[in-house]
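I opened this entry to keep track of what I looked up and in which order.

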Amino acid sequence: MRRIGFHNREKELKEIKNLLDAEPSLITFIYGPINSGKTALINHLIEQLPDDYLVFYINLRTKLLASYDDFIESLFEMELETEERNRKRKETLKELISSVTKVAGIPINRAFLDYVFKDKKPKNAFSYIIKLFEAVRDSGKQPVLVLDELQKIGDVKVNGPLIYELFNFFIDLTKELHLAHVFVITSDSLFIERVYSEAMLEGRCRYLLVDDFDYETTMVFLDKYEFSEKEKEAVWEYCGGKPVCMVELTNAKMCAKEIEGEAKRLLKIRTSQIQSLFDEIALGKVEYSERAITDEFKYFEKDEIVRYDRINKEKLFLVGRNVLFIDPTQRILKPQSRLNLLAIRAVVRNG
Ligand SMILES: Nc1ncnc2c1ncn2[C@@H]1O[C@H](COP(=O)(O)OP(=O)(O)OP(=O)(O)O)[C@@H](O)[C@H]1O
Ligand SMILES: [Mg+2]
């Protein structure tokens, strides 16, 4: 089986490495359109980091987070108890971190579990993590906490939304204690839109955009896989620099499929998915009018990026449905991908 290697991202990697060189001071939000390669980037970075960084990477994507306990559980990785450990019974934090390889969830054992879940207070879990990170630092390593798909905790509540408790904890780790670097990744741009206007985070975080590849970077990728000029043109026309789409078409090429036909097939699927929003409107499942949604699409008839003065609920609806991507730091809206742009244009034409 041929595997497609990690491509470029030199600018973003350099930026993150610079942050890691300095003392932790702000929370870093990594955001960008869906499938732009945020998770791939951070995983690639983790592989490259020298051993004096200990990364605790937690991806909430696959976790079922129906309750507060689910969330706390998702943070920790229970250490398997070997015979020898059983005999020793109580382990210290120092012993616990010595068992951590380069990247893992936050280790815990039975001795600390009761404390963490006691009273259902996030405070207990967070103070355990702080103690653990202090032990990491005392061992000469720099702790780094990465939470991927954080928006998934949106519905979990503990005396009000958990997210506020969590943001306070992140501020503690960074700006207050300078103990750990904190990276929060999200593919949900509605979440970033909310975070961006959150008063408690003002002056306490920074934003790092991971966008689709630009033209040049895309061409270097395509040259690597020996695309012809005509094929390169088709990839750029239909997929732009969306990594996942480029990978899909590269795999199609390896199976000797015709690239333009394959790209057109992807476009047809996306167009039909966007069209089905109108079916939902017709069936009364969605409260917006067809006209108002079409008006939003019309902004993209000629332009690829639109600057907004005021946000409205139709725009947010299309962002929530992953048709549009919103960047509140620039106050711009754009389709989630080139394929979405072409699909929007097809829908407007057909409508
Ligand atoms: N730099 C890269 N080089 C090669 N392939 C990449 C690169 N970045 C992403 N990919 C490919 O694109 C796919 C999607 O990337 P990834 O899952 O990292 O995107 P994401 O931005 O995290 O998506 P989501 O918005 O769903 O969280 C990956 O599985 C990988 O195949
Ligand atoms: Mg991801």
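Which atom of Arg61 lies 3.0 Å from an oxygen atom of ligand 1? I found that it is a polar side-chain atom of Arg61. I note for the record that this is a predicted model.

**Entry 1: around ligand 1**

I listed the surroundings of ligand 1 and got 18 residues. The closest of them are His7, Lys38, Thr39, Ala40 and Ser187. I then looked up individual polar contacts. Glu149 also places a polar side-chain atom 3.0 Å from an oxygen atom of ligand 1. For Asn35 I noted a backbone N or O atom, 3.0 Å from an oxygen atom of the ligand.

**Entry 2: Arg61 and Glu149**

Arg61 and Glu149 form a salt bridge, and their closest N and O atoms are 2.8 Å apart. Side chains of opposite charge can pair when their charged atoms come close. I also took the total for the model, which is 15 salt bridges.

**Entry 3: the two domains**

I turned to the domain assignment, which gives domain 1 as 10-209 and domain 2 as 215-350. By these bounds, I place both Arg61 and Glu149 within domain 1. The C-alpha centres of the two domains lie 32 Å apart.

How many residues of domain 1 are in contact with domain 2? I counted 14 residues of domain 1, touching 14 residues of domain 2. About 1300 Å² is buried between the domains, and carbon and sulfur atoms give 68% of that area.

I looked for charged and polar pairs across the boundary. The count between domain 1 and domain 2 is 0 salt bridges. Polar contact, with both residues at pLDDT 80 or more, gave me 5 residue pairs.

**Entry 4: the domain 1 side**

I asked which elements give two or more residues to the side of domain 1 that touches domain 2. They are α9 (189-196) and β8 (205-209). The largest share comes from α9, with 5 residues. By residue type, I sorted this side of domain 1 into 8 nonpolar, 5 polar and 1 charged.

How values were computed:
Residues are numbered from 1 along each chain as its sequence is written. Chains are lettered from A and ligands numbered from 1 in the order in which they are written. This is a predicted model: local features need pLDDT of at least 70, side-chain atom pairs count only at pLDDT 80 or more; totals for chains, interfaces and linings use all residues. Side-chain values use heavy atoms; hydrogens and water are left out. Domain bounds come from an automatic or database domain assignment. Contact means heavy atoms within 4.5 Å. Buried area is the accessible area (1.4 Å probe) that two parts lose on being put together, summed over both. A salt bridge is a side-chain nitrogen of Lys or Arg within 4 Å of a carboxyl oxygen of Asp or Glu. A polar contact is a pair of N or O atoms within 3.5 Å; within protein, one must be able to donate a hydrogen and the other to accept it, and residues adjacent in sequence count only if both atoms are side-chain atoms. Helices (H or I, at least four residues) and strands (E, at least two) are DSSP runs, numbered from the N terminus. Ala, Val, Leu, Ile, Met, Phe, Trp, Tyr, Cys and Pro count as nonpolar, Asp, Glu, Lys and Arg as charged, and the others, Gly among them, as polar. A residue is near a molecule or strand if one of its heavy atoms lies within 4 Å of it.
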